[in-house]
Amino acid sequence: MCTASSIFPITDERGKVYGISILARDVTAERTMERESARLERLSVMGQLAAGIGHELRNPLTTVRGFLQFFAGNRDMAAIHPQLAIMLADLESAHAIVSQFLSLARDSVGETRCADLNQVVQGVLPMLRADALIRACCVTAHLRPVPRQRLVEGEIAQLILNLARNGLQAMAEGGVLTISTEECDGAVLLKVSDTGHGIAKGVAGKMWTPFFTTRDGTVGLGLAVCECIAKRQGATITFVTSEQGSTFTVAFQRGDRAC
Ligand SMILES: Nc1ncnc2c1ncn2[C@@H]1O[C@H](COP(=O)(O)OP(=O)(O)OP(=O)(O)O)[C@@H](O)[C@H]1O
Ligand SMILES: [Mg+2]
């Protein structure tokens with residue numbers, strides 16, 4: 001609890017102090033609000049930076065990738081095909097980082113379409129299953145029928161991928177990642193659960209901050225991007241965690257997104 005206190009002397013009519021008055025006020029909510037608005041401010045500055053850097057980087061990256069793909073398809077260059085494959089893979093991850101950056105930068109909602117959330121999940125499942133295979137984990141989906149709603153499908157796919165990849169990265173061999181959808185009290189819920197090591201208290205408070213990461217070789221943008229996407233599409237993200245795993249829940253309130 002955070003408190004703000006004031007202390008006043010209590011005096012008699014001759015000015016002699018015969019007591020003190022202490023006024024203490026619980027300011028926890030105000031402090032939390034201040035911290036939250038400072039965090040959002042940082043996020044917005046990050047977004048502006050991201051827009052600039054992203055635009056500058058995307059075009060040269062695309063050109064280099066195009067040439068590398070051309071060389072990779074050229075038989076005369078067979079001798080360096082393994083090196084070209086490594087370069088292409090690295091470029092792919094640079095491209096992914098720039099795309100995440102740009103996603104942070106966008107503050108307007110993209111073009112929404114009347115979509116079925118379950119189809120968006122189905123669309124990313126093959127990619128996730130391939131990721132899971134490499135880690136000897138498995139991915140299951142429990143998709144209940146949910147009402148169609150107005151969504152920017154590409155962004156929602158990105159959000160699911162980011163949450164699911166976090167889950168996969170938290171699990172040891174044999175882990176199970178579950179993606180489920182359901183309708184509950186007028187909201188459409190998307191849940192991503194893992195059987196990983198859970199999220200420590202110290203990490204939970206910071207993990208939404210851009211560039212915060214506890215992992216080697218990752219950037220720390222995944223959850224910040226998820227938060228931006230959810231905010232843009234009027235959804236909220238909550239999570240529960242324990243040593244047996246974590247579940248992230250994205251709640252889409254139907255409201256004016258019904259279609
Ligand atoms: N499901 C999870 N289980 C355990 N820890 C998690 C989970 N999701 C997120 N975290 C923690 O939150 C941190 C931030 O996650 P975030 O997705 O933003 O970045 P990252 O995964 O480290 O990097 P990036 O997503 O950019 O590749 C992670 O480094 C990890 O410590
Ligand atoms: Mg991540």
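Let's start with ligand 1: 22 residues surround it, and the closest are Asn166, Thr213, Thr214, Arg215 and Leu221. Here a residue counts as near if one of its heavy atoms lies within 4 Å of the molecule. Keep in mind that this is a predicted model, where local features need pLDDT of at least 70, side-chain atom pairs count only at pLDDT 80 or more, and totals for chains, interfaces and linings use all residues. Residues are numbered from 1 along each chain as its sequence is written, chains are lettered from A and ligands numbered from 1 in the order in which they are written, and side-chain values use heavy atoms, with hydrogens and water left out.

Some polar contacts (pairs of N or O atoms within 3.5 Å) are listed here.

| Residue | Part of the residue | Distance to an oxygen atom of ligand 1 |
|---|---|---|
| Threonine 214 | side chain | 2.4 Å |
| Arginine 215 | side chain | 2.7 Å |
| Leucine 223 | backbone | 2.9 Å |

On its own, ligand 1 has 600 Å² of accessible area, and the protein covers 92% of that (Shrake-Rupley method, 1.4 Å probe).

Which elements give two or more residues to the shell around ligand 1? They are helix 4 (153–170), helix 6 (222–232) and strand 9 (245–253). Helix 4 gives the largest share, four residues. Helices (H or I, at least four residues) and strands (E, at least two) are DSSP runs, numbered from the N terminus. Sorted by class, the shell has nine nonpolar, 11 polar and two charged residues. Asp, Glu, Lys and Arg count as charged; Ala, Val, Leu, Ile, Met, Phe, Trp, Tyr, Cys and Pro as nonpolar; and the others, Gly among them, as polar.

Now for the sulfur atoms. The whole structure has one disulfide, meaning a pair of cysteine sulfur atoms within 2.5 Å. Cysteine 114 and cysteine 259 form it, with their sulfur atoms 2.2 Å apart. The pair joins distant parts of the chain, 145 residues apart: cysteine 114 is in strand 3 (residues 113–115), while cysteine 259 is in the segment after strand 9. Why is the disulfide right-handed? Because the torsion about the S-S bond of cysteine 114 and cysteine 259 is about 80 degrees.

Definitions and conventions. A polar contact is a pair of N or O atoms within 3.5 Å; within protein, one must be able to donate a hydrogen and the other to accept it, and residues adjacent in sequence count only if both atoms are side-chain atoms.
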